[in-house]
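Please look at the sequence and structure first.

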Amino acid sequence: MGAEEGRRRTAVAADGRLRPMWDIGNRTAGEERELHIARLWVEYAQELGPGETADVRLAPLSPELWRHLKCGDVITMYEARPVAGTATVIEVLPPRG
C-alpha cells in the first residue's frame, strides 16, 4: 500500500528482518481471521518503499499452517491496522529439512 493508504512511511529492508503478519485464509473456531507470521525478503532490490511492488520471498514461522496455499492465491499483509500490502502467490516450495 502507498504511504497515504497504509501506516508505513519508510522503506522495508530487503534482508528478512521484517516479520509481518499475514491473512492466509485461516479462521479461528469463532470464524475470526487468524494471522500468521512470515519473514519477508525482497528479491532483486535492497529495499521496498511504500506503494512499490517487487517479488518477495516469505519464510513462514509455522509452515504447516501455510500448506493450503497455491499459485494464484492472494494473501494480505499486516504490520498493524490498516492493511500494509497484498501478495499473489507465484511459487510454493516445501519446507527444508
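## Pro63 and the basis of the model

Is Pro63 buried, partly exposed or exposed? Pro63 counts as partly exposed, because its relative accessibility is 28% and that class lies between buried, under 20% relative accessible area, and exposed, over 50% (1.4 Å probe, protein chains only). Pro63 belongs to the loop between β5 and β6. A distance of 19 Å separates the C-alpha atoms of Pro63 and Glu79, which are 16 residues apart along the chain.

The model is predicted, so local features need pLDDT of at least 70 and side-chain atom pairs count only at pLDDT 80 or more, while totals for chains, interfaces and linings use all residues. Residues are numbered from 1 along each chain as its sequence is written, and side-chain values use heavy atoms, with hydrogens and water left out.

## Strand pairing

Strands here are DSSP runs (E, at least two residues), numbered from the N terminus. Two strands count as paired if DSSP finds at least two bridges between them. β2 (21-27) and β3 (33-42) are antiparallel and share four bridges; Asp23 has Leu35 in β3 as its bridge partner. These two strands form a hairpin with five residues between them. β3 also runs antiparallel to β5, with five bridges joining the two, and Val42 is opposite Val56 in β5.

β6 (74-78) has two partners to describe. Three bridges link β6 to β2 in the antiparallel sense, and Met21 has Tyr78 of β6 as its bridge partner. On β7, the antiparallel pairing with β6 covers four bridges, with Met77 opposite Gly85. β6 and β7 form a hairpin with six residues between them.

## The nonpolar core

A nonpolar core is a set of buried Ala, Val, Leu, Ile, Met, Phe, Trp, Tyr and Cys residues joined through side-chain atoms within 4.5 Å. The largest one has 15 residues, and the members touching the most others are Trp22, Ile24, Leu40, Trp66 and Ile75. Two or more residues come from each of β2, β3 and β6, and β3 gives the largest share, three residues. In soluble globular proteins, nonpolar side chains tend to be buried together.

Trp66 illustrates the contacts (heavy atoms within 4.5 Å). Apart from neighbours within four places in sequence, Trp66 is in contact with Trp22, Ile24, His36, Ile37, Ala38, Leu58, Pro60 and Ile75.

## β6 and Thr76

Four of the five residues in β6 are buried. Thr76 is in this strand and counts as buried because its relative accessible area is 17%. Not counting residues up to four places away in sequence, Thr76 touches Met21, Trp22, Asp23, Val83, Gly85 and Thr86.

## The largest pocket

Grid points are joined across faces, edges and corners, and the volume is the space filled by probe spheres set on the points. The largest pocket holds about 1400 Å³. Its lining has 46 residues, of which Val56, Arg57, Leu58, Ile75 and Ala87 are the closest to the centre.

β3, β5 (56-60), β6 and β7 (85-88) each give two or more residues to this lining, and β5 gives the most, with five. By class, the lining has 28 nonpolar, eight polar and ten charged residues. In this count Ala, Val, Leu, Ile, Met, Phe, Trp, Tyr, Cys and Pro are nonpolar, Asp, Glu, Lys and Arg are charged, and the others, Gly among them, are polar.

## Two loop residues with positive phi

Most residues other than glycine have a negative phi. Glu31, in the loop between β2 and β3, has a positive phi near 65 degrees. Glu31 is classed as exposed because its relative accessible area is 61%.

Tyr44 has a positive phi of about 65 degrees although it is not a glycine. Its place is in the loop between β3 and β4 (47-48). With a relative accessible area of 76%, Tyr44 is exposed.

Terms used: 1 Å grid on protein atoms, 1.4 Å probe; cavity = no way out; pocket = protein on both sides within 12 Å on 5 of 7 lines; lining within 4 Å.
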